[in-house]
Amino acid sequence: MSTSATASVSTHILDTSVGRPAEGVAVQLSARTGRTADWHALGGSATDTDGRCKDLPALPEGTTHVRLDFAVERYFENTANQQADAQQDAPANRDSGAFFPEVAITFAVEAGEHYHVPLLLNPFGYSVYRGS
């Protein structure tokens, strides 16, 4: 645990349908200062070749909740769609590149803590956890 007055956040995405990092996924970071407070967009980034967002904005002091919005539809349309279809006998023609075109993850934070939130993604599902 650090002695910072705010929490910090990082993330990465692994496409489990192909066993590789998901490159080029847009990620937006929002924060609020209480359960009933309004969300404030802080900015965003995109995943690199290792599936990581290394330049997410810092959280403001007093942040209690964070939301990561992953725009995964374009990723599946552009890259993983054909590979996942071939590997999983998935439908060849879908309305979009993924069953979930967006993934929004909301979690509580405490000042001084770092939160690494990996997204394990495939065309028909996802899971997240607090990493290290």
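Guide: A residue is called buried under 20% relative accessible area, exposed over 50% and partly exposed in between, with a 1.4 Å probe and protein chains only. The model is predicted, so local features need pLDDT of at least 70 and side-chain atom pairs pLDDT 80 or more, while totals for chains, interfaces and linings use all residues. Residues are numbered from 1 along each chain as its sequence is written, and side-chain values use heavy atoms, leaving out hydrogens and water.

Rings of Phe, Tyr and Trp (its six-membered ring) pair when their centres lie within 6.5 Å; planes under 30 degrees apart are stacked, over 60 edge-to-face and the rest tilted. The model has four aromatic pairs under this rule. One of them joins Y75 and F76 edge-to-face, with centres 5.1 Å apart and 70° between the planes. Both partners are buried: Y75 has a relative accessible area of 8%, and F76 has 0%. F99 and F100 also form an edge-to-face pair, since their centres are 4.9 Å apart and their planes stand at 80°. Here F99 is exposed, at 57% relative accessible area, whereas F100 is partly exposed, at 30%. F99 and F100 belong to one aromatic cluster together with Y126.

A charge may also sit over a ring, which requires NZ of Lys or CZ of Arg within 6 Å of the ring centre and within 35 degrees of the ring normal. The charged end of R67 is placed in this way over the ring of W39, at 4.6 Å from the centre of that ring. R67 is partly exposed, with a relative accessible area of 22%.

R67 takes part in a salt bridge as well, that is, a side-chain nitrogen of Lys or Arg within 4 Å of a carboxyl oxygen of Asp or Glu. The partner of R67 is D69, at 3.1 Å from N to O, and D69 is partly exposed at 24%. The structure holds four salt bridges. Among them, R52 and D50 meet at 3.0 Å, N to O; R52 is partly exposed at 31% relative accessibility, and D50 is partly exposed at 39%. Another links D48 to K54 at 3.7 Å, N to O.
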